[in-house]
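My notes follow, in the order I looked things up.

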Amino acid sequence: MDDLKKINRRFLTNLFLFIGIIIVAVVVGILSFFFIPQDIAYLIWFILLVVLMIISGIFRGRLDELTNFSYIIRIRANAGPPLHTAKNLKDLERVLQNNGYEMKGNSKNYVLFYRVTKDDIKRIFKRFMLEVVVLSKTNAFFIEDVDKDIDSLHAELHKQKKKTDKLFVTQIREISDLTDEVKEQIKEIAFVRSQRGVVSIINVGIHTPSRKAVMMYTDTYRPSLYYEFHVNQIKKIL
């Protein structure tokens, strides 16, 4: 948990620094009101306002980045065990189709399925959630063409006036040997929550000899209801 402590310290340092800058700006604005001619004071207030807006954006980005990094550290620290599964990639294709997923692309490297559902977690200003499942036929989880397919899906949904601000990507491939390299690839997950929405990426390795699905997840820590939703959807198809 040393990494988490470092992240927390960096978060607090940035937060206090941001607060300190705001306090200094407020003090400068007040002093300019009493000791500087009014026309110059207005100019100073305007400059301070612009500077604060720029600094707010910078610090918000930093704090979001540190927060999202802490999510991954906590997930890894509370990782759950492999899940039993008797399914191979062909079986998963049928399961996905039976659960309302549509096929977007089928190439020599992967098959991509997707599903668009109404966001029932957010209580107000509900939008749509895009769920993507990639069945990799290669020895890699991340395939470049997948990004193009997802961009294409977003463009199609935009034309249909379906605003999606939640993206869940599940990347699955079969593995015969659970090497250290494969374990590191499985650990390369992401959970990003910001004002723009949520992006969650989870890699699943189906270890065929043991009929186990190996992935980096946790049942004891929940950074968001959307993370819990993603993990539960994976368990359903496995």
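I began with Phe 168 and Phe 229, and both are buried (buried means under 20% relative accessible area, exposed over 50%, partly exposed in between, with a 1.4 Å probe and protein chains only). This is a predicted model, so local features need pLDDT of at least 70 and side-chain atom pairs count only at pLDDT 80 or more, while totals for chains, interfaces and linings use all residues. Residues are numbered from 1 along each chain as its sequence is written, and side-chain values use heavy atoms, with hydrogens and water left out.

Confidence next. I noted a mean pLDDT of 85 for the chain, with 97% of its residues at 70 or more (pLDDT is the predictor's confidence in each residue, from 0 to 100). Helices (H or I, at least four residues) and strands (E, at least two) are DSSP runs, numbered from the N terminus. A reminder to myself: where pLDDT is low, the predicted coordinates should not be read in detail.

Aromatic pairs. Rings of Phe, Tyr and Trp (its six-membered ring) pair if their centres lie within 6.5 Å; planes under 30 degrees apart count as stacked, over 60 as edge-to-face and the rest as tilted. By this rule I get four aromatic pairs. Phe 168 and Phe 229 make a tilted one, 5.2 Å centre to centre with 55 degrees between the planes. Phe 168 is in strand β5 and Phe 229 in helix α6 (residues 225-237), so this pair ties together parts 61 residues apart in sequence. I then took Phe 191 and Tyr 227: the centres are 5.7 Å apart and the planes at 85 degrees, so the pair is edge-to-face. Phe 191 sits in strand β6 (residues 190-194) and Tyr 227 in helix α6, 36 residues apart. Phe 191 is buried at 2% relative accessible area, and Tyr 227 is buried at 2%. Ring pairs also join Tyr 71, Phe 191 and Tyr 227 into a cluster.

Helix α5. Which residues of α5 (residues 180-187) are buried? I found Val 182, Gln 185 and Ile 186. They cover an arc of only 100 degrees around the axis, which puts them on the same side of α5 (the arc is that of the directions from the helix axis to the C-beta atoms). Asp 180 and Glu 181, on the other side, are exposed. The cover over the buried residues includes β5 (164-175), β7 (197-207) and β8 (212-215) (contact means heavy atoms within 4.5 Å).

Asn 203. I placed Asn 203 in strand β7, and at 0% relative accessibility it counts as buried. Not counting residues up to four places away in sequence, Asn 203 touches residues including Phe 141, Gln 171 and Met 215. The C-alpha atoms of Asn 203 and Gln 171 are separated by 4.8 Å, although the two are 32 residues apart along the chain.

Backbone angles. Most residues other than glycine have a negative phi. I flagged Lys 161, a residue other than glycine with a positive phi near 60 degrees. Lys 161 lies in the loop between α4 (144-159) and β5 and is exposed at 75% relative accessible area. Arg 211 has a positive phi of about 55 degrees, and I found Arg 211 in the loop between β7 and β8.
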